[in-house]
Amino acid sequence: MGSLAQSLPFSKFSTTFLMKSKTSKRPKKILIIEDDPDMSFVIARALKCKYNCQVEVAQDPFEAMNLMVDKFYDLIILDWHLPGLSGKDTMAEAEKGLRFDPDIPIQWDTKKAPVVIFSSAKKSDCLPRKTKHFDYVGFISKAQPLNDIIDLFGEYITGEQKLNFQSLKLAIN
Amino acid sequence: MSSEVDLPPEAIARYIERRIQDARDCREALNKGDFAVLLKVGHQVKGNAISFGFAELGEIAVQLEEFALKKDISSLKPILEKFESYIAKISAP
């Protein structure tokens, strides 16, 4: 990574989301960006049943971008390997869309949407970009039992996730 | 909150149906030398097999992805056979 990446204190960006999520009772709005229909189905179902979330699924980057300009999400679950664009490029394109669309929901101007990278790739291979509208709060490996995955997502949804994101790196540009 | 998440039987059945199709697609791809298909299937199944209770399939998929990435046909052949026989085993009535 060297000159291409820099470490950032994720806790700095994540505290607002975590504090608000502890006090809010409304269902969390979750966007799952995932091209694997089996994974998106079981994750969406579990988050609805277990955490009473409102879940939408985008199967490709373009569907995701269309959803994001219409709605702000309390959590975005991002598959890193998507058809057409990588997860990093998907969020970069979404960032452009949010910057130039005058009709986006006001929440996008006042807070960042937390993004959890969800991938079977190595964590070190998933280098998100620092952006204005998205806050990369963590990485969850797909290659583990479903109950463990759901419990980990639950920690982000309920605000119990410990602030241990310092080891994540962000790519520059 | 750590209660178990149950998988509905129809989701498991759909999962197996997709893997049957994956096995067919991989066989066709191997015959054509289309490593992108093998890579995609290997990567996807590596990520989803454990969640559906098929850890061994996930391990096979790791190798499928690895050899597809290297375009290693001689190693891909036995791994695809393993993949196919595992799918045949779990899809048997």
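1. B:Arg18 is partly exposed in this predicted model. Its relative accessible area is 30%. The residue forms a salt bridge with A:Asp38, and the closest N and O atoms are 2.5 Å apart. B:Arg18 sits in helix H1 (residues 9-32) of chain B and A:Asp38 in helix H2 (residues 37-51) of chain A, so the pair joins two chains. A:Asp38 counts as buried, at 3% relative accessibility.

2. Helix H1 of chain B also holds B:Lys32 and B:Glu28, four residues apart, or about one helical turn. These two form a salt bridge, with 3.2 Å between the closest N and O atoms. B:Glu28 is partly exposed at 44% relative accessibility. B:Lys32 is exposed, at 62%. Elsewhere, shared partners link salt bridges into one network of A:Asp38, B:Arg18, B:Arg19 and B:Asp22.

3. Chain A has a salt bridge between A:Asp74 and A:Arg26 (2.8 Å, N to O). A:Asp74 is in the loop between helix H3 (61-70) and strand S4 (75-79), and A:Arg26 is in the loop between helix H1 (10-23) and strand S2 (29-33), so the pair ties together parts 48 residues apart in sequence. A:Asp74 is buried at 6% relative accessibility. A:Arg26 is partly exposed at 40%. Over all chains the count is 16 salt bridges.

4. Now the largest pocket. Its volume is about 370 Å³. The lining has 16 residues; nearest the centre are A:His81, B:Leu39, B:Lys40, B:His43 and B:Glu65. H2(B) gives the largest share, six residues. Helix H3 (55-70) of chain B supplies at least two. By type, the lining has six nonpolar, three polar and seven charged residues.

Terms used:
Residues are numbered from 1 along each chain as its sequence is written. Chains are lettered from A and ligands numbered from 1 in the order in which they are written. This is a predicted model: local features need pLDDT of at least 70, side-chain atom pairs count only at pLDDT 80 or more; totals for chains, interfaces and linings use all residues. Side-chain values use heavy atoms; hydrogens and water are left out. On a 1 Å grid over the protein atoms alone, a cavity is a set of points where a 1.4 Å probe fits but cannot get out, and a pocket is an open set with protein on both sides within 12 Å along at least five of seven lines; lining residues have an atom within 4 Å of a point. Grid points are joined across faces, edges and corners, and a volume is the space filled by probe spheres set on the points. Ala, Val, Leu, Ile, Met, Phe, Trp, Tyr, Cys and Pro count as nonpolar, Asp, Glu, Lys and Arg as charged, and the others, Gly among them, as polar. A salt bridge is a side-chain nitrogen of Lys or Arg within 4 Å of a carboxyl oxygen of Asp or Glu. Buried means under 20% relative accessible area, exposed over 50%, partly exposed in between (1.4 Å probe, protein chains only).
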